[in-house]
Amino acid sequence: MSQKIAIVGGGYVGAELAKSLDDTVEVTLIEPRSHFVHAPAMIRAVVDPSLLDRALIPYDRLLTNGRVIASKAKAIDAKGVTLEDGTRVEADQIVVATGSGNAVPFKPQGSDIADLKADNQRIHQQLKAAQSIGIVGAGAVGTELAGEIAHAMPDKQVTLISSDDSLFPTMPSKLGRSLAAKLRKAGVTLILGQMAENLKSLTKPYTGPLQLADGSQHDFDLIFPVIGSRANSELLEALAGVEKSTANRIKVDPWMRPSALPNVFAAGDVVDAGDAMTIVAISRQLPWLKATLTGVVEGKTVEDMKPYKPWGSKALILVPLGPKQGNSFLGFFTAGDFLTSKMKGADLFLQKYAKLLNQSES
Ligand SMILES: Cc1cc2nc3c(=O)[nH]c(=O)nc-3n(C[C@H](O)[C@H](O)[C@H](O)COP(=O)(O)OP(=O)(O)OC[C@H]3O[C@@H](n4cnc5c(N)ncnc54)[C@H](O)[C@@H]3O)c2cc1C
């Protein structure tokens, strides 16, 4: 009889892993949302809500043999997963890929895709009505958001605020320098090395005064808090032997196991395997995960297989500023507008994910 694998969470890890194992094992993907949320396109969708139809992709065609159960997992044990309504999903191997949350309208707050669409519409209208916009947090999401607004709505006054002294301080300096120069040229004000002191919300945009660490006060028609993702780790926290890292993430052993249970694996944003919380990291974890689970199904012992090795300093990052501009660090050099637009900015990987979920793009 074929092995049963339960995957909890259908984001970048769960959806792709489920599809890649669909022909060889009995796959059950547990995911409460009706649609896959393609996060990179959710930034541009703030300035162009028509993108939502492509950024939110239904799960109904993902698997041919396995099943997708539209429910939230409540608990995991060595023999399977218990769903919210008490239903059991028995499994030989379990992969937890519950990912992370972020502010609306970039990721949903709950499972309801209609709520996410309503949030997007509301915030788009607020953005259209606003003249001055403050973006607090200059990681990839904040920087891209500044670039998208400057490109699509050039009459807005956009201010990008970071507590770091430069953009992307952990990457080769050319990346941050070049992005900062392009943003300034597009009219974006950069306030660097300043912590925001009185953020009223960490999860949704709002209107209000913003006080910075130097005592200065700034009035914005709309403030976007973009201070990073937090892992959805509740399920894993309940397991024996689990240890937390930063941003709510859970530590894993060299074979991506978070607890004392040898048949429970975890990947993506929910765990700290030495990688950043990115799809880029997941693109490295997925082939390893697939090979390891295939080995287990064939009867190999996990510890006899190769441990997972994170990206280290070679991790790529692609930062478009709208469809035509941007910069990327591609592992050994920093690329400019042309490659960033071609690799990401123009299409935002929308075609790739439509294909993954077996949906045709017309
Ligand atoms: C706006 C934005 C833009 C981004 N752009 C990029 C980019 O361009 N490049 C890049 O590399 N990274 C990017 N990232 C990071 C990237 O989105 C994350 O690394 C990625 O989403 C993590 O994938 P995941 O599979 O771990 O989890 P997620 O994508 O977060 O998916 C987790 C899934 O698990 C489900 N889930 C949660 N709890 C349960 C439960 N109890 N039971 C069942 N299901 C559950 C959720 O509904 C969700 O569908 C971006 C992030 C944001 C917020």
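Me: What makes E11, helix H5 and E12 a β-α-β unit, and of which hand?

Reply: This is a predicted model, where local features need pLDDT of at least 70, side-chain atom pairs count only at pLDDT 80 or more, and totals for chains, interfaces and linings use all residues. Residues are numbered from 1 along each chain as its sequence is written, and side-chain values use heavy atoms, without hydrogens and water. Strand E11 (residues 132-136) and E12 are parallel, and helix H5 (residues 140-152) belongs to the unit with them. The unit is right-handed: with the strands pointing away from the viewer, the path from the first strand over the helix to the second runs clockwise.

Me: How do you know that E11 and E12 pair?

Reply: Pairing takes at least two DSSP bridges. E11 and E12 have five. In one of them, Gly134 partners Thr159 of E12.

Me: What joins E12 to strand E13?

Reply: Three bridges, in the parallel sense, join E12 to E13 (residues 189-191). Leu160 has Leu190 in E13 as its bridge partner. With helix H6 (residues 173-185), E12 and E13 make a right-handed β-α-β unit.

Me: Why is E12 called largely enclosed?

Reply: Buried means under 20% relative accessible area (1.4 Å probe, protein chains only). Four of the five residues of E12 (residues 157-161) are buried, so the rest of the structure largely encloses this strand.

Me: Why is H2 called oblique to H4?

Reply: Helix H2 (residues 39-47) and helix H4 (residues 113-129) pack at about 45 degrees, axes 8 Å apart. That makes H2 oblique to H4, because angles under 35 degrees count as roughly parallel, over 145 as roughly antiparallel, 65 to 115 as roughly perpendicular and the rest as oblique.

Terms used:
Buried means under 20% relative accessible area, exposed over 50%, partly exposed in between (1.4 Å probe, protein chains only). Helices (H or I, at least four residues) and strands (E, at least two) are DSSP runs, numbered from the N terminus. Axes are lines fitted to C-alpha atoms, for helices over the stretch in contact, and angles run from 0 to 180 degrees between N-to-C directions.
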